[in-house]
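Work through the exercises below with the model open. Try each task before reading its solution.

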Amino acid sequence: MPTTADDHPAGTTNGPGRDPVVEAHGIYKTFPGVVANADVDLRLERGEVHALLGENGAGKSTLASVLTGLYQPDAGEIRLDGRPVVLRSPREALAHGIGMVHQHFKLVKRFTVAENVALGDRTQPILMSAPDVHRSVVELSERYGLPVRPDAVVGDLTVGEQQRVEIVKTLYRGVDVLLLDEPTSVLTPQETEALFDTVRAMAADGKAVVFISHKLHEVLSIADTITVMRDGGIAGNVDAADTSVRELAQLMVGREVMMEAPGGDGQAGEVVLELDDVSVDERSRRGRLDQLSMTVRAGEVVGIAGVSGNGQRPLAEVAAGLIEPDRGRVRVNGRDVTGRPRAARKAGLSYVPEDRIGTGLASSLSVAENLQLTRAHRPLLDRGRWSTDARRLMEEFDIRAPGPSTTTSSLSGGNIQKVLLARELAADPDVIVAASPTRGLDVGAIEFVRQLLAQRREQGCGVLLISEDLDEIRALSDRILVLYEGRIVHECAAEDSDVTELGLAMAGAGS
Ligand SMILES: Nc1ncnc2c1ncn2[C@@H]1O[C@H](COP(=O)(O)OP(=O)(O)O)[C@@H](O)[C@H]1O
Ligand SMILES: [Mg+2]
């Protein structure tokens, strides 16, 4: 629903009409060895939701930091209501009505909501009394749909609630321009919907809201205007009403992309992976599993949905045999491999861990060496074979590296993940445990990884896909299980999955 300034009461400073409230002109910002922003122009108007869309590393956060006084640009100019300004600090930006909610919150956990809101506020000539702050918090939270209790201790709040406190805090300071950096990355679908309502309410109130995201669908559903960044520059600026997921994806990566993985016939076969009544104690630093049982069959993708920290890590590690659970057994192709990673591998399991460098690959080794790593127990092949093998896999898996002897750490994130997948899939597994396999990758690599998993499933492989990206889970899975506090609290076929229901389960409702 596009809003226009005419729907709103006249702005307090500039009168009606869509005057730009903030403009960035020719912004350059470099870090040692990186051009983070190159000749960036941006124009924000009152009453609009302006999305800043781009892949990881495109320069979105840098631009936001320049607009909020955290970074000084190397070149270029910022104008407020047409007048050039220099924003030397976030405090100065706030004084001009520009505020930001960062990806990582900056709240004091042992203080109450009201104390956090009042904290560091020097705009008030005299300290406001506690009841006044409370009243303001309640007013703002009602006006913008941000349910928070002023006397709650921040450390007791969920991540979603803490985000609301951050937003209330900037609103309390009277911002006209609010930048939200990847705000939905920590939210459930319901919380995301609630945030969207807040964003719309702020825009309807005449504020300019900058919504930073790398998620195409999300941007399309909330923004009026979309500016796409790529490699530090502006790749395009479009009206949300006249664009599509396809066009946006193309602007993001600079070429045609295919977003959906091919579906299969949904014929699942024998059980290839079984977790039987597995518990991992809470005291382990990895998180907890609570008497969890599940299976993965040949030719099916089982997606594990859930908010981060609900047992994803121990689930992946127990399934791969890497950690021994406190109770319960793990079987691969019927063989008991509990706590024995080599045995799991031998029985037909491949593991694509979340930490690609470290658990997955050794960063100081070459691509060829990493491709051989898990086969070290085989009779040693001669080096010539390694390199021929590596070249073949590099081609098959589209690994862009100068050669097999290139050090793995010098590759991009997408290519590192391809090396890992190449090694794991070359073992021709019957079951793949993949933990956040596309996290942090660019759209091109995401597409490639998803295709690979879908292809293996078609060939009869079972896949346990653990991902915090619900869209990914829904796009790739046959069956979806929701993990909450170490237990499976919901199960459904992907084709009848309902986002609301999944989101409720992810938030622990009804469990
Ligand atoms: N403080 C910093 N020091 C060095 N490099 C940085 C810093 N901040 C960002 N970069 C680099 O600048 C580029 C753009 O990053 P960023 O603005 O964070 O992108 P985005 O928010 O779109 O993911 C990336 O290559 C990143 O590694
Ligand atoms: Mg960022």
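**Exercise 1. Find which residues touch the most other members of the largest nonpolar core.**

Solution. Ile432 and Leu465 do, in a core of 41 residues. A nonpolar core is a set of buried Ala, Val, Leu, Ile, Met, Phe, Trp, Tyr and Cys residues joined through side-chain atoms within 4.5 Å. Buried means under 20% relative accessible area, exposed over 50%, partly exposed in between (1.4 Å probe, protein chains only). Next, find the main contributor: helix H13 (residues 413–426) gives the most, six residues. Helices are DSSP runs (H or I, at least four residues), numbered from the N terminus. Then turn to the separate second core, whose 33 residues include Leu273 and Tyr351.

The model is predicted: local features need pLDDT of at least 70, side-chain atom pairs count only at pLDDT 80 or more, and totals for chains, interfaces and linings use all residues. Residues are numbered from 1 along each chain as its sequence is written, and side-chain values use heavy atoms, leaving out hydrogens and water.

**Exercise 2. Classify the partners Glu92 and Arg88.**

Solution. Their closest N and O atoms are 2.9 Å apart. Glu92 is partly exposed, at 24%. Arg88 is exposed, at 58%.

How values were computed
Chains lettered and ligands numbered in written order. Helix = DSSP H or I, 4+ residues; strand = E, 2+ residues; numbered from the N terminus. Salt bridge = Lys/Arg side-chain N within 4 Å of Asp/Glu carboxyl O.
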